Amino acid sequence: MSAGAAGDRQASLTDVAGLAGVSHMTVSRVINGTGPVRPETRARVMAAVEELGYRPNSAARALVTGRSGTLGVVALESNLYGPASTLYGIENAAREAGYAITISSVSRPGRSSIADAVESLRRQAVEGIVVIAPHVTAGQALAGVPSAVPVVAVGGGEGAPVPVISVDQYDGARRATEHLLALGHRTVWHVAGPEDWLEALERERGWRETLERHGAEVPPVIRGDWSPASGYAAGRTLAKKVSAGNGGLDAVFAANDQMALGLLRAFTETGIGVPADVHVAGFDDVPEAAYFTPPLTTVRQDFIEVGRRTFGLLTERMGGGDQHVRYLVEPELIVRESTGPR
């Protein structure tokens with residue numbers, strides 16, 4: 001029997017049993033890992049599964065084993081590098097551990113939308129849920145998540161009532177700011193992200209408190225929306241200050257690489273050289289950062305490690321672990337030509 005023999009319908013457990021020449025109870029034991037099966041029989045069943053393209057029904061498997069082998073992820077509808085890379089890291093870790101992922105996307109991270117997404121995933125018999133919560137409102141919404149299902153948040157802030165894992169945004173901003181100060185700058189200007197993003201607030205706090213610890217003046221924040229266009233607008237504003245001889249404006253830390261890209265273009269168009277006149281640093285280390293003109297000094301986030309740690313925390317929570325765990329992944333400063341010799 002081949003995959004085509006079942007017609008266009010999805011292959012069933014009975015189809016697998018027929019092709020492998022075993023009972024469907026034996027197939028169930030192999031698929032769900034619920035009983036002893038001889039190695040040669042297991043190999044025959046798995047060969048049939050592969051040939052037929054059989055995919056177990058998670059709800060049915062959950063009835064037999066009490067486990068669905070599926071995790072849920074609540075994610076913001078976004079093509080921004082950070083959230084997208086976080087989701088990839090979680091998917092990668094779950095796949096390595098043999099779990100499938102079901103994603104419930106929300107367009108706005110409010111209390112009701114998060115609660116609805118969690119409830120939708122619960123109805124699909126997921127074993128645990130990860131909420132990617134980069135917004136202030138998303139972090140607050142976690143307070144309304146029912147305790148009947150294990151939940152872990154990526155981001156979510158200090159007050160989240162569930163285990164939280166995130167890259168240490170504060171430390172990343174500190175590293176970038178201290179790097180710029182170590183180059184001899186009297187202060188560092190900052191193009192910040194949106195005020196309703198937890199990551200933007202932590203990066204801004206890390207920048208501000210680092211300047212204060214070093215006794216440096218804290219310039220007014222210029223706020224963007226993560227986009228290159230907002231970085232470009234910020235760059236045009238800063239370029240006027242440079243051209244006017246505004247004292248100390250020779251170093252800028254942008255809260256993400258996309259805004260840094262816009263900043264670099266604005267400086268280039270107005271005749272300001274980077275790094276000749278101004279040093280620029282970003283945050284994220286997007287794949288294109290090494291190919292900006294000039295290549296961008298930035299803070300790298302290890303999203304694969306975030307995924308592993310998130311899966312580990314969720315596994316612990318599924319086993320009844322502490323719901324108040326907090327874990328920070330250390331970032332790395334990547335120094336390139338945008339903060340090179342002047």
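## Strand pairing

Two strands count as paired if DSSP finds at least two bridges between them. In this predicted model, strand S4 (residues 151-155) meets that condition with strand S5 (residues 164-167): the two pair in the parallel sense over two bridges. Within this part of the structure, Val154 stands opposite Ile165 in S5.

## The sheet

S4 and S5 belong to an open sheet of six strands, whose order is S2-S1-S3-S4-S5-S11 and whose pairing is parallel. Strand S2 (100-106) and strand S11 (326-329) stand at the edges. Each has a single partner strand, so one side of each is left without a neighbour in the sheet. From one strand to the next, the twist averages 20°.

Helix H12 (residues 303-318) packs on this sheet. H12 touches strand S1 (70-76), strand S3 (128-133), S4, S5 and S11, and its direction makes about 155° with that of S4.

## Helices H8 and H9

Two packed helices are described by the angle between their axes and the distance between the axes. For helix H8 (residues 169-182) and helix H9 (residues 198-213), the axes come within 7 Å and cross at roughly 40°. H8 and H9 are therefore oblique to each other, and their crossing is right-handed.

On the H8 side, the contact includes Gln169, Tyr170, Ala173 and Arg174. Among the residues they and the rest of the H8 group meet in H9 are Glu199, Arg203, Trp207 and Leu211. The residues of the contact of H8 with H9 divide into five nonpolar, four polar and eight charged.

Conventions. Residues are numbered from 1 along each chain as its sequence is written. This is a predicted model: local features need pLDDT of at least 70, side-chain atom pairs count only at pLDDT 80 or more; totals for chains, interfaces and linings use all residues. Side-chain values use heavy atoms; hydrogens and water are left out. Helices (H or I, at least four residues) and strands (E, at least two) are DSSP runs, numbered from the N terminus. Axes are lines fitted to C-alpha atoms, for helices over the stretch in contact, and angles run from 0 to 180 degrees between N-to-C directions. Contact means heavy atoms within 4.5 Å. Angles under 35 degrees count as roughly parallel, over 145 as roughly antiparallel, 65 to 115 as roughly perpendicular and the rest as oblique. A crossing is left-handed if the near helix is turned anticlockwise from the far one by less than a right angle, and right-handed if clockwise. Ala, Val, Leu, Ile, Met, Phe, Trp, Tyr, Cys and Pro count as nonpolar, Asp, Glu, Lys and Arg as charged, and the others, Gly among them, as polar.
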